[in-house]
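Here are my notes on this one, for when you have a minute. Have the model open while you read.

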Amino acid sequence: MEQGQHVVDPGMLSPRAVSLRQHWDVVPGTVLTAIGERTGRIHSVAPAETGYSSHIAATLDTERGRVFVKGMRTGDGLARTQQTEAEVNPHVTPIGPRLLWRVVTDGWDVLGFAYEHGRIADFGQSSDDLPLVVATMIELARLAAPGLELPSAEDRWAGYLERRADAALLHGDRLLHTDWHHTNLLVTPANRMHVVDWALATRGAAWIDPACWVVWLVYAGHSAQEAERWAAKVPAWTAAPEGAIAVFASVLARYWQDIAVNHPNTMTYRLRDAAAAWAAHRHARA
Ligand SMILES: Nc1ncnc2c1ncn2[C@@H]1O[C@H](COP(=O)(O)OP(=O)(O)OP(=O)(O)O)[C@@H](O)[C@H]1O
Ligand SMILES: [Mg+2]
């Protein structure tokens, strides 16, 4: 091994190793009581099998039906995302699941969403879900973010821009999701797509959502060219200002590089490589 080479414990290379998820038992009795006031008796708790960020995420079967619950400790730096989800919810339903209630008590901030029956989307090359994602993005591009307290795209990615002046390229008034991880998309038996996890909602230009998706498509096995072909089916993509997509591809390459350094695991390494491959492709054709 070369001297100074960064060594990562293989045990840490599982994405699960960096999960913030905790056992349902950590929820204090006071919080359970407040949840019970909204749901009636809780019959069972099934922890979510995907996602990492929420301290608790689970499906509850209750006296008043099934509900999906996400909770964060209020002292955590990421707790602000609960407010973001609550704030955007009225604007994004029915694409996103309806927020039924919110409990903020005893150091916890817990959101209760309508449970969506569905399977997780598949971004594979021959998946029938890809046109559904395109249709969902077209629908989303109609949503503005008037008066919502959201980070702007130019502020959120400012630290990854090579030239400060390029920030203006990201500017826009659309309500963006930005986290196009396939586990954030649920496909119902009626073939309707629901978008969950609005924690990273951002205000910006509409072409940014399909651009964020490109990285996840490459991660799923598409070539950069194929991935762009899918993104280009969203009309907002073709309306992007000259050079904006190349600038943003570099932004995402630096962003995912940063994530891989700070959260080293097999998934972040592959995302870093996917974003770098896309940026290289974009710049080669410029
Ligand atoms: N309303 C819902 N109904 C049914 N299942 C849901 C619902 N919301 C989320 N899920 C499922 O639970 C998983 C975790 O939820 P979500 O992604 O919102 O939380 P997270 O773990 O905090 O996020 P992250 O993916 O950022 O780590 C999702 O991948 C999805 O499969
Ligand atoms: Mg998620």
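How do the residues of the lining of the second largest pocket divide into nonpolar, polar and charged? There are 7 nonpolar, 2 polar and 3 charged (Ala, Val, Leu, Ile, Met, Phe, Trp, Tyr, Cys and Pro count as nonpolar, Asp, Glu, Lys and Arg as charged, the others, Gly among them, as polar).

1. Ground rules. This is a predicted model, where local features need pLDDT of at least 70 and side-chain atom pairs pLDDT 80 or more, while totals for chains, interfaces and linings use all residues. Residues are numbered from 1 along each chain as written, chains are lettered from A and ligands numbered from 1 in written order, and side-chain values use heavy atoms, without hydrogens and water.

2. Ligand 1. Its shell has 20 residues, with Y52, S53, S54, K70 and T183 the closest (a heavy atom within 4 Å). Both domain 1 (10–114) and domain 2 (119–285) contribute to that shell, so the ligand sits between them; the bounds come from an automatic or database domain assignment.

3. Oxygens of ligand 1. One lies 2.7 Å from a backbone N or O atom of S53. A polar side-chain atom of K70 is also 2.7 Å from a ligand oxygen, and for a side-chain N or O atom of D197 the distance is 2.9 Å.

4. Shell make-up. By class, I'd note 10 nonpolar, 6 polar and 4 charged residues around ligand 1.

Terms used
Polar contact = N/O pair within 3.5 Å; in protein donor to acceptor, adjacent residues only side chain to side chain.
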